[in-house]
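Subject: Structure for your review

Dear colleague,

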Amino acid sequence: MADLTPFALLGLPERFALSEELVQKGWMNAIARVHPDRFAGRPAAERRVAEQWAGRINEARDELTDPVRRASALLRLRGADTGSETDTRMDGAFLMQQMLWREEAESLRASGASLEPLLARIGDERGRLIAALEESLDASPDTTRAREAVRRLMFVEKIRRDILRGAQQ
Amino acid sequence: MIGLMQIAEPGMSAAPHEERLAVGIDLGTTNSLVATVANGAPEVIRDEKGRALLPSVVRYCPDGSLQVGYEALAAQESDPLNTVSSAKRLIGRGRSDLDGNIIFPYQFEDAAGMVRIRTRAGVKSPVEVSAQVLSTLRTRAEERLGGELVGAVITVPAYFDDAQRQATKDAAKLAGINVLRLLNEPTAAALAYGLDSGAEGLYLIYDLGGGTFDVSLLKLTKGVFEVLATGGNSALGGDDFDHRLVCWALEGLGADAILDAQDKRRLTVAARRAKEELTEKTSTRLAVELSGGRSIDREITREEFARITCNLVNKTLGSVKSVLSDAGSGAADLQGVVLVGGATRMPCVREAVTEFFGTAPFCDINPDEVVAVGAAMQANKLAGNNAGDDWLLLDVTPLSLGLETMGGLVEKVIPRNTAIPVAMAQDFTTFKDGQTAMAIHVVQGEREMVDACRSLARFELRGIPPMAAGGARIRVTFQIDADGLLSVSARETRTGVESSVRVKPSYGLSDEDIVRMLREGNESAKSDMLERELREQRVEASRIIESTHSALEADADLLSESERSVIDSAIEDLQKKAAESDAGAIKQAIEALAAATGDFAARRMDRSIREALAGQSVGDIQI
């Protein structure tokens, strides 16, 4: 089971540009073939195998829907680690930008102003990074660039989540 | 009918067999029902008097006998301490979990884990009470269908946690019912509607039962029912509307408002009647005689009733909003709203729902019966009676699962609304130098503090080799099967030290409890049971022999010669035991054959799934 990539499990091409709709369609198609309920009359040992496959397919959907995880999966397939655990160096300007965003979110929240404009700017940065990933993973493969972009995207996603969570409280 | 999804069988079909009797059971707080699919059409099974509902009420009578249903309900006023209703509110709950706002007229017994009720027949757990209701429905179904059930799908509120689900399963086990699946009630309702009315798109199920409120958002696509999000309130239902009316009536009594158990019961019954009358009439009287010559006689209008219950209705709409926001949807995205549960008959609920969604809800199928009908359809499918229709239900886990970490915080491992079956892993590490054991505490709930979540299980991973703090890498894997039941394992990834637990909630019954209750309950019917057991084991033996033969015919190439001969001799042994009349020996031989073919079955399944998946590609997907 482990020999099949999440892309192969859902019958999708190994590329970064995959819309959520496409992943959803691939998932639906695959899960419908392996869900244990399709084997309701079969012995327990067979259903357990189906269950493992179904779990793997559900996980593949989550993995391919999330751009960070999708990009990381592609990098792994190409033999390149994202290095997020061993290599924590980051461009100073990028880190400074993060700090400024966080401070801005703090002061907006304190003054009761809308977070939307800030979130829109962060969203723009996210869009740029996703475009960079499409470029460096699909169009003209460049592992070093892709690795840099996916690591930045991780930071951007985290700050977006943190701001949204803060807004809910 | 909707355009159902056509799915290629992955290279095998179930062994041929006769129609297997299976039912869907809606085990409700107030009423329960049983339904089946006969000749391709679902139908509710009625009692000898033609009544579909069975009040979920059990009475322990002075002569030692039992009453279940309408008889027990009728005795509720006169014998409140020995007549148990709303057991569903108590099942899988501890004393401290119970909603303080609800008056329970019982004498509770403090027991470890689940709350228990003292009756003249002894101390009863809510599991035993529910088992009596289930057993009555099982008998009704078997008499009507003329045979033994292979199993049942039992519905539970989507919001039920693992402890409540496990307790419900225990009740079924006590009632001698093989549970094919625990199915979420709103999902069952959607099944019943989806297949009848050709629905596609987003649907919201608003299910206000006697004791629980559930809301689920489902996406229907080509015969696939996908649950996107679920929420609700496990302690809010029609009974709370009764309770509001009781409080309203008591206002009139002032300082005299001290009631004994019988008074409480009388007043509750009168309040329920008044509530039901307000569905048809615009006003009614709530009149009741109480002890000590006191009485209540007040007129209530529909408007007044709506006013005193509007905070309850608003609570339901609050849950609706959070489910919609969980799924990133709004009321405008919905194709329709389905009403389920007898309490949705209340005009104030229908009006509030219509106003909130800006559209009239669906209520063509009797709201009392719709859940049992959907459950029957799923039961028919899981029993292997493929009626030709090709739909599939993809459910999610209703509550987040996590682990306790430092400082009493919860680290979520599986977030709520994750599609099941699922396996997810998270890495943890040791926090002390030389630490050789790690306590794993599994909790369920949405809050960040352990104390605010439900504790499901504790176990320990031992034998970690001493390392510096943070040196060990402990991978904890949560696995939820298609039934929604959880197992957890922990493994130190560098050394391979392993420990796992099948989660048995701390609030549930122990296996010893179950065995004891089974023995008590079946003492009288022991010989019947033995005979039934023997018949069942023989049927099972011939099924497994037949399916092993057909598997050997199809995929013998997957076996080495020695593996093949092990299987052949296990078949031979089972055939011999089945010809004798020792049920236990047959069971053992069945287990031996199942064990001998386990690897073979796994290899066959693996092969056929690979073939099925290899057959797909984006080419099949129309973008």
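In what follows, a residue is called buried if 20 or more other C-beta atoms lie within 10 Å of its own, exposed if 12 or fewer, and partly exposed in between, with C-beta atoms placed from the backbone. Helices (H or I, at least four residues) and strands (E, at least two) are DSSP runs, numbered from the N terminus.

This is a predicted model, in which local features need pLDDT of at least 70 and side-chain atom pairs count only at pLDDT 80 or more, while totals for chains, interfaces and linings use all residues. Residues are numbered from 1 along each chain as its sequence is written, and chains are lettered from A and ligands numbered from 1 in the order in which they are written.

Chain B is divided into domain 1 (22-236 + 318-394), domain 2 (238-309), domain 3 (401-511) and domain 4 (530-614); the bounds come from an automatic or database domain assignment. The centres of domain 2 of chain B and domain 3 of chain B, taken over C-alpha atoms, are separated by 48 Å.

Strand β20 (residues 401-405) of chain B is largely enclosed by the rest of the structure, because four of its five residues are buried. Two strands are taken to pair if DSSP finds at least two bridges between them. β20(B) runs antiparallel to strand β21 (residues 409-414) of chain B, with five bridges joining them, and T405(B) stands opposite L409(B). These two strands form a hairpin with three residues between them, and G407(B) in the turn has a positive phi of about 75°. β20(B) is also joined by three bridges to the antiparallel strand β23 (residues 438-444) of chain B, where V442(B) is the bridge partner of L403(B).

Helix α5 (residues 238-251) of chain B has 14 residues and reaches 21 Å from its first C-alpha to its last, close to the expected 20 Å (1.5 Å times one less than the number of residues). Ten of the 14 residues of α5(B) are buried, so this helix is largely enclosed by the rest of the structure. Among the buried residues are F241(B), R244(B) and A249(B).

Between the chains, 30 residues of chain A are in contact with 36 residues of chain B (contact: C-beta atoms, placed from the backbone, within 7 Å). On the side of chain A that touches chain B, α2(A) gives the most, with ten residues.

Yours sincerely

Methods. Two residues are in contact if their C-beta atoms, placed from the backbone, lie within 7 Å.
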